[in-house]
Amino acid sequence: MKDLNDNIESPFTLKVSFDKLLQHYELLAESDDNFTASKAKEILSIQKEIPVLRNGFSDVSLLKTYEKEIHFILQDLFSPVLATNEIKTASVPYHDLIFNSSERFRKIIKNAGEDYSLTIKNMPEDDKYRVACVIILNFYYGYKVDFKRPFFYEIPDINGVLHTYKILYNADFTEIVRTEDAPEITEDDFNELLDAFDDMELWKEKFPPNSYIFKGFVISNMFDVTDDKAISEIKSSLLVSGKRQDENFIGNLQTTFESLFNIKGLNVGFVIYNEEDQVFERIVGKGIESYLLFHEDMESCKSALCDESYKALIDDNTFFCISDVEKYYGQSGCHNFYKIFHDQGIKSAILAPIANQGKLLGVLEIVSKKPKQLNSVNANKLTDVMPYIVSSVLRSKAEEENLIEAIIQQECTSIHPSVVWKFKEAARKFVKDQRQFGSNVAFSKIGFENVYPLFGQIDVKGSSDARNLATQKDLSLQLNLVSKIMDQIIKEDKLLIYEQLKFQLDTFKKELDENFKVDSEHEITSFLKKEVEPVLKFLMDKKLKAKDAISDYFSKIDSNLNVIYYYRKNYDDTIALINKNMSSLIDSKQVEAQKMYPHYFERYKTDGVEHNMYIGEAITKEESFNEIYLYNLRLWQLQVMCEMESEYYQNMKNYPISLDVASMILVFNQPMSIHFRMDEKQFDVNGTYNARYEVVKKRVDKAFIKGTKERITEKGKISIIYSQKADEEEYLRYIKFLQSKHVLDEQIELVELEDLQGVTGLKAIRVPILYHSKGEEEKFYTYDDLINELKA
């Protein structure tokens with residue numbers, strides 16, 4: 001015997017019973033209406049012979065045994081007149097057993113296929129138990145707790161298109177009977193359950209399995225809400241940013257549009273409209289197609305559309321529908337437009353403009369492989385959907401603009417994360433002031449008081465000389481090539497102008513070798529471009545032996561710069577690579593430094609890499625600053641500068657040319673005030689005394705050791721510039737510590753610097769750096785490590 005309650009955990013023991021319905025017929029049997037009374041008495045007489053239909057049963061086989069009688073008892077609830085229209089079933093709650101149904105319901109299930117299993121879409125297994133408990137609370141105990149939710153079936157039709165049906169239950173013919181196993185539910189129990197929805201054990205404690213009898217049956221009325229559900233799904237998919245990034249987004253959207261149009265096999269595409277360039281552009285994303293563009297990434301609107309579709313989409317922002325592509329394919333004036341669809345096997349299509357306030361943003365493309373499936377009539381189904389698509393596109397455009405602004409800020413005008421809070425604070429105040437006082441308000445000045453500066457640089461030694469030498473070599477090579485060509489030409493064609501050009505070439509070659517000046521490069525390049533090249537191009541058309549040499553000359557000329565760019569390219573590539581590698585190294589080290597204590601950091605690429613740092617309580621926004629964090633950052637900076645130089649020399653063989661670098665740190669022991677200059681988009685110092693710091697930064701690396709012609713910065717040594725005795729003592733402690741860790745060598749130089757313009761009294765410590773091979777372990781030490789070592 002198969003029991004209704006097999007394999008089901010529920011507070012209910014389910015029993016099919018028609019008692020409540022029969023009670024209704026008992027009243028009708030007393031009716032004055034003879035027909036009604038007669039029908040009621042007939043139903044009661046049939047049931048009287050079968051008491052189990054009133055008393056209730058769980059044996060599933062009895063439904064088959066008394067199928068004819070049950071059908072007769074339920075006849076008034078399942079009117080034959082409405083059988084092909086109503087979607088209705090008789091069953092027990094939250095169970096897949098159905099013992100009576102309308103003709104339309106049976107047809108829907110048949111079309112779904114033999115493998116289809118009817119289950120409620122949005123009813124988790126645990127919820128079934130809790131819902132049954134809530135029913136007991138409401139209908140047996142009279143407590144008011146609302147757990148009503150819409151429930152749905154999702155059933156495919158004969159073509160595989162998924163339809164959504166909303167279920168409405170009629171429980172007029174049911175009753176709940178409490179058994180001895182059911183604990184009494186008090187108000188305290190009720191209140192406890194209200195705060196413990198997820199505590200399944202508690203619900204089972206209050207409502208043990210099978211402690212109540214559910215007697216009767218429910219009538220389920222179903223309504224096809226596919227269109228509403230599809231619109232809701234489209235709205236949800238388009239308006240939630242995360243879903244649009246999901247790789248299944250397009251697949252899910254296509255399934256939803258299939259349900260909306262009741263057409264299997266639809267495809268959905270999108271294209272962006274670029275108003276500025278009057279072009280359609282493909283959306284870059286997983287699975288996102290454009291059937292208008294086909295293989296192209298971009299196409300002008302004029303060439304992508306025919307006149308009629310251009311007017312509909314671009315000018316009028318209205319749907320353009322093609323019910324039969326083949327019908328129009330090949331017609332004059334529209335060939336290319338329809339050919340695109342024809343080549344993709346598309347037979348019908350709807351192009352829907354995504355427009356806002358008369359401005360086209362893009363086009364939604366819905367296409368089918370069958371003719372007539374998409375047309376101007378069913379295109380109107382999109383009317384309720386388009387506002388959500390427009391909202392989605394507007395949001396995407398806003399997100400893209402925000403992303404572009406973020407990239408520009410990061411790559412071009414970066415605001416360091418340590419001070420972003422200050423800018424946000426000022427921006428909020430600015431917005432608030434604008435709302436309160438109108439547009440004539442100024443953006444607040446952004447500044448930080450009492451912050452300590454740190455400055456360092458790794459600079460290419462003799463970069464100007466190296467570049468001049470590269471320039472000389474390139475120009476010399478170019479002049480020699482042209483000179484040889486002119487020698488050949490003069491032998492074949494003795495025009496005086498050629499001899500004059502040869503004389504000028506020899507004069508420039510001599511000047512280049514003996515007296516190369518700043519303006520020599522411009523002068524020679526201008527001569528070659530304006531006087532020599534026109535002659536060579538003229539001679540190319542003449543049958544001269546020098547023609548091959550002239551062709552070879554032009555093949556060596558850089559197409560962008562119009563000069564021979566070989567030695568200068570090696571120099572420029574080397575500088576760019578040094579900057580890239582050194583910047584990458586200090587950026588990666590900064591991640592850890594910020595974790596030690598937040599501080600402002602910025603770096604610049606010149607002929608090398610220099611950096612500024614500011615640390616202090618004003619930057620962190622919290623009362624947590626202690627000078628130990630300053631000392632720790634100075635020690636960190638010293639180590640990083642040593643590692644950057646070591647890294648460079650270990651990898652020098654990988655650079656196009658060999659250049660030397662030198663490292664320097666500038667120490668300034670007094671806190672200062674800085675402010676953000678809106679015009680230059682960078683921080684600057686406040687006050688005359690603080691401005692001295694900026695002057696020193698710009699000039700000190702060119703300073704000489706007092707009484708000598710030796711520059712303070714030198715290859716292989718770290719130079720630490722300072723002015724106060726306390727700074728000297730502090731850095732000597734750091735140096736001795738790093739010497740013990742084999743970062744710095746033993747020799748220490750203490751020197752004075754020649755006075756700079758407006759700056760006197762500068763001193764320096766110079767210490768050789770120990771270069772470590774790539775395989776050696778690198779460890780960074782903190783100020784705490786230094787203190788511990790001193791204690792030891």
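## Strand β9 and its partners

Strands β9 (residues 267–274) and β14 (residues 359–368) pair in the antiparallel sense, and six bridges connect them. This description, like everything that follows, rests on a predicted model. On its other listed pairing, β9 runs antiparallel to strand β10 (residues 279–282), to which four bridges join it.

V271 takes part in both pairings: its bridge partner in β14 is V363, while its bridge partner in β10 is R282. Strand β9 is mostly covered, with six of its eight residues buried. In the hairpin that β9 forms with β10, four residues lie between the strands, and Q278 takes a positive phi near 55°.

## Helices α23 and α25

Two packed helices are described by the angle between their axes and the distance between the axes. For helix α23 (residues 567–596) and helix α25 (residues 627–650), the axes come within 10 Å and cross at roughly 155°. Because angles over 145 degrees count as roughly antiparallel, α23 is described as roughly antiparallel to α25. The crossing in which α23 passes α25 is right-handed.

## Residues at the helix contact

From α23, the contact is made by I578, M582, L585, I586, K589, Q590, A593 and M596, and from α25 by Y629, N632, W636, V640, E643, M644, E647 and Y648. Sorted by class, the contact of α23 with α25 comprises eleven nonpolar residues, together with two polar and three charged ones.

How values were computed. Residues numbered from 1 in each chain as written. Predicted model: local features only at pLDDT ≥ 70, side-chain atom pairs only at ≥ 80, totals over all residues. Heavy atoms only, no water. Axes fitted to C-alpha atoms, helices over the stretch in contact; angles between N-to-C directions. Helix = DSSP H or I, 4+ residues; strand = E, 2+ residues; numbered from the N terminus. Parallel < 35°, antiparallel > 145°, perpendicular 65-115°, else oblique. Left-handed = near helix turned anticlockwise from the far one by under 90°. Contact = heavy atoms within 4.5 Å. Nonpolar A, V, L, I, M, F, W, Y, C, P; charged D, E, K, R; others polar. Buried < 20%, exposed > 50% of the residue type's maximum accessible area, 1.4 Å probe, protein only. Pairing = 2+ DSSP bridges.
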